[in-house]
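Good morning. Please have the sequence and the structure open while I talk. I will start with a term and then go to two places in the chain.

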Amino acid sequence: MNRVAITGALSYTGRYLSKYLLSNGTKSVLSLSRRTIPLSSHVLSSSDLSKITTTTLDFNSREKMEVELKGVDVLFCTYWIRFERDGDTHEKAAERVRELFLAAKSAGVSKVVFSSHTRTSLTSPYSYIRGKALAESYLRSICSSSTMNYSIVRPCGIFGDKPVESILMNNAAWVMRRTPLFLLAGKGGETFQPVHVRDMAKLMGDLGKSKDTTGEEMDACGPDAPTALELFRRLNGSVGGRGFVVPSGLPTRVIGAMTKPIDWLTGDVLLDTDDLDLLGSGLTFANEPSDPLIKGRRSLFQWIDEVKDELGQEYVSSIQRYYKTK
Ligand SMILES: NC(=O)c1ccc[n+]([C@@H]2O[C@H](COP(=O)([O-])OP(=O)(O)OC[C@H]3O[C@@H](n4cnc5c(N)ncnc54)[C@H](OP(=O)(O)O)[C@@H]3O)[C@@H](O)[C@H]2O)c1
């Protein structure tokens, strides 16, 4: 792959993916993004940055996207919206990536690698999962009627080198450091199997490198798959939390409502109810637990031990991260 395009090459997963590809022979990266400076100075060197050019994604103009994608071997699409907000929906996000896939096809891109979510389904009650399933179906359909190849990778959570990159665990630790009670919705029995961002980047990068193969659809999960109760009790113990982690039996919207004072304080959305519902949905673990790649990946528990002193020291705003880029 001489030249690749990545949605958000300076953002979270995209930054690590850029690093992986540029360290493994890729000559240049086109970043399709709102960002012109990296989300964090960590990961990319100035030499890496000199090989990355940025252009804004204009989903309203397939022609413009096509022009920009000319000469690109592989498109890595991580584009997505975390919450449905201000009238924007996951279904609309799926329509937008469809335009991008069609532009890639017309531009002669050899392969698209798309990051989805574990256990997608078109009939899921969760808009995130339904939207991803729709985007996947568009990609399959576009590739079936062209020579463009595709792969789909499916994470359910991504933790990074730095605690602040891992919003869920960082902000849970932030709450644990400050409050006597950390209430879980329901019984906290659902399994969660996140992946380290470097393993996610490697999986996407390696699938891109085999650009003559198609139809790979793989979980992007790590080796540890704790229940919510196990995970948050362990996190609480590691960061020296002030109180107890308790399965409340309460519905997610009640737990969400209880965190509103934190939102007023931070101007953020600590717990989006849809997000929390998805976490408690039983859809956040690998479909193929016997996938041999999973065992060799970085351990979530080890990561918690490594970064415990930093985890939750500062609050990380999802709104700032995903909705304000300046
Ligand atoms: N992070 C997780 O825990 C997690 C869990 C399950 C699945 N995933 C999936 O894995 C992929 C990578 O996730 P990530 O957290 O690493 O994402 P990310 O790098 O922060 O963002 C990926 C891309 O989406 C764009 N984007 C995000 N929010 C946007 C918004 N509100 N408006 C316009 N563009 C927006 C970013 O644009 P800019 O470059 O302009 O910022 C970037 O191009 C995504 O497809 C996500 O759905 C992630």
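Two residues are in contact if their C-beta atoms, placed from the backbone, lie within 7 Å. Helices (H or I, at least four residues) and strands (E, at least two) are DSSP runs, numbered from the N terminus. This is a predicted model, where local features need pLDDT of at least 70, side-chain atom pairs count only at pLDDT 80 or more, and totals for chains, interfaces and linings use all residues. Residues are numbered from 1 along each chain as its sequence is written.

Now the helix pair. Arg-62, Met-65, Glu-66 and Leu-69 in H3 meet residues of H4, among them Glu-99, Leu-100 and Ala-103. By class, this contact of H3 with H4 has seven nonpolar, one polar and three charged residues; Ala, Val, Leu, Ile, Met, Phe, Trp, Tyr, Cys and Pro count as nonpolar, Asp, Glu, Lys and Arg as charged, and the others, Gly among them, as polar.

H3 covers residues 62–69 and H4 residues 90–107, and their axes are 8 Å apart. The axes are lines fitted to C-alpha atoms, for helices over the stretch in contact, and angles run from 0 to 180 degrees between N-to-C directions. The packing angle is about 50°.

Next, Val-4. This residue sits in strand E1, residues 3–7. Is Val-4 buried or exposed? Val-4 is buried because 28 C-beta neighbours lie inside 10 Å; the cut-off for buried is 20 or more other C-beta atoms within 10 Å, for exposed 12 or fewer, with partly exposed in between, and C-beta atoms are placed from the backbone. Beyond its neighbours within four places in sequence, Val-4 has contacts including Leu-21, Val-72 and Gly-208.
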